[in-house]
Amino acid sequence: MRNKRARKGSIRTRLLAGAACMLLPTLVLGIVSLAIHRSVVRAFEKVVEEATEESHPVAHLQTVLLQASMPASDYLVHGSPSEREAFARLSREVEEAFQDLLTRPFGLAQELALVRAAQAQWREIRAVSEAILALPDPVNNASGARQVEQLDALVNRTVTDLGQIHELAHQEIEAHLKEARAFYARVLLVILAVLGAGLAGASGLGAWLVSSILGPLGALEEGARRLGAGDLSYRLPPFACDELDRVGATFNLMADRLAADRAALEELATQDAVTGLYNYREFHRRLHEEAERARRYHRPLSLLMLDLDHLKAFNDTYGHQAGDEALKAVAEAIRRHVRPPDVAARYGGDEFAVILPETPLRSAVVVAERIRATVAASAVTGAATITVSAGAAAFPDDGASGPELVASADRALYAAKSAGRNHVCAASQHADR
């Protein structure tokens with residue numbers, strides 16, 4: 001332990017030992033080292049603070065916007081006047097989210113412009129939703145269906161535009177890191193110049209200082225470079241100098257916080273807030289990838305579309321909170337019966353989708369039947385149970401692309417609904433392959 005302590009000393013102790021040979025250069029070196037410590041800490045604290053302040057309110061606004069688009073669609077399906085009240089409540093939440101976001105300090109004018117543009121698009125979304133909710137006979141209303149398509153397009157565009165703020169925030173963070181690296185490089189040049197002057201009078205002591213101080217500083221530079229390049233897994237090792245060891249610890253702490261923020265942003269961008277499954281956007285991205293892979297390698301691929309039966313009546317009886325619990329119960333049943341490579345998603349409202357790579361139609365029907373039976377056997381609120389209907393489709397017989405597979409599985413789902421609900425139907429009669 002004594003030898004370890006002897007090897008690990010402060011920069012001040014090391015500089016005093018060589019003060020007779022290079023008093024002035026080492027004094028400057030000590031001041032610069034302390035300045036590096038403060039600058040690095042401030043730079044990384046600023047990065048983490050900006051990432052948190054800008055990203056979380058935007059993600060919340062995207063979530064409430066998606067929720068606010070659901071009452072109009074549900075109104076066309078069920079025709080319940082309660083959807084108007086739900087929309088009014090969600091509209092207030094969206095307005096509050098916009099007001100909160102507009103009070104946030106944005107580093108770029110483009111970010112504020114995106115928020116204001118999204119606010120203008122929200123007014124269009126609200127106008128279309130109110131027009132749908134004002135229809136006297138919504139169920140099977142062709143005009144209302146076209147308005148819902150317009151509404152979905154507006155919502156998707158608004159959510160996508162808001163997603164650009166995440167990208168701009170990342171670019172701003174990269175710019176801050178670039179500035180920090182440039183400042184660090186300039187300071188490093190000063191340190192090298194100071195050491196060069198000291199070497200004129202004490203080359204041996206100067207070499208010792210270079211190896212014991214510039215080594216950790218070089219590691220800090222490498223850490224800043226790799227962090228700026230997006231490698232948030234990089235961590236600095238312990239240093240032999242107390243001050244630089246604290247800088248390294250601060251660097252590692254900031255890297256941990258940045259990695260956690262990035263993971264949180266990625267989760268918000270791909271997961272549904274209620275069920276924890278993949279969201280609509282991530283589902284279509286994965287479906288496109290799997291359809292391309294199945295086409296390229298001539299491999300089987302199946303798709304399930306599932307829908308809760310009578311969720312509107314369930315919500316009216318037990319409340320929307322119980323309805324959310326029902327959605328979670330279905331999501332848990334899906335997780336229980338899918339494999340790691342399968343992709344389970346909340347397609348929208350009370351509809352779910354499951355992508356089954358390397359799975360023929362007959363096996364997909366078996367999976368759907370297991371999910372259906374598990375849901376039917378589960379109680380959500382006391383003795384209350386829910387059921388699901390499911391449709392299955394396979395590539396390429398039922399569809400040669402992702403959208404065609406979705407359309408085929410939807411038709412099979414509606415057939416299951418027409419058969420009395422709590423059923424599973426296949427899109428074709430090729431389940432024996």
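I'll start with the cores and then move to the rings.

This is a predicted model, where local features need pLDDT of at least 70, side-chain atom pairs count only at pLDDT 80 or more, and totals for chains, interfaces and linings use all residues. Residues are numbered from 1 along each chain as its sequence is written, and side-chain values use heavy atoms, with hydrogens and water left out.

A nonpolar core here is a set of buried Ala, Val, Leu, Ile, Met, Phe, Trp, Tyr and Cys residues joined through side-chain atoms within 4.5 Å. Buried means under 20% relative accessible area, exposed over 50%, and partly exposed in between, using a 1.4 Å probe and protein chains only.

The largest core has 32 residues, and those touching the most other members are L61, V94, F98, W122, I132, L151 and L162. Take W122: leaving out residues up to four places away in sequence, W122 touches L65, A68, F87, S91, V94, E95 and F98, with contact meaning heavy atoms within 4.5 Å. There is also a second, separate core of 31 residues, including L277, I334, V375 and V424.

Now the rings. The structure holds 4 aromatic pairs. Rings of Phe, Tyr and Trp (its six-membered ring) pair if their centres lie within 6.5 Å; planes under 30 degrees apart are stacked, over 60 edge-to-face, and the rest tilted.

Why is the pair F314 and Y318 called tilted? Because the planes are at 45°, with ring centres 4.9 Å apart. F314 is buried at 7% relative accessible area, whereas Y318 is partly exposed at 41%. Elsewhere, Y280, F283 and Y347 form one aromatic cluster.
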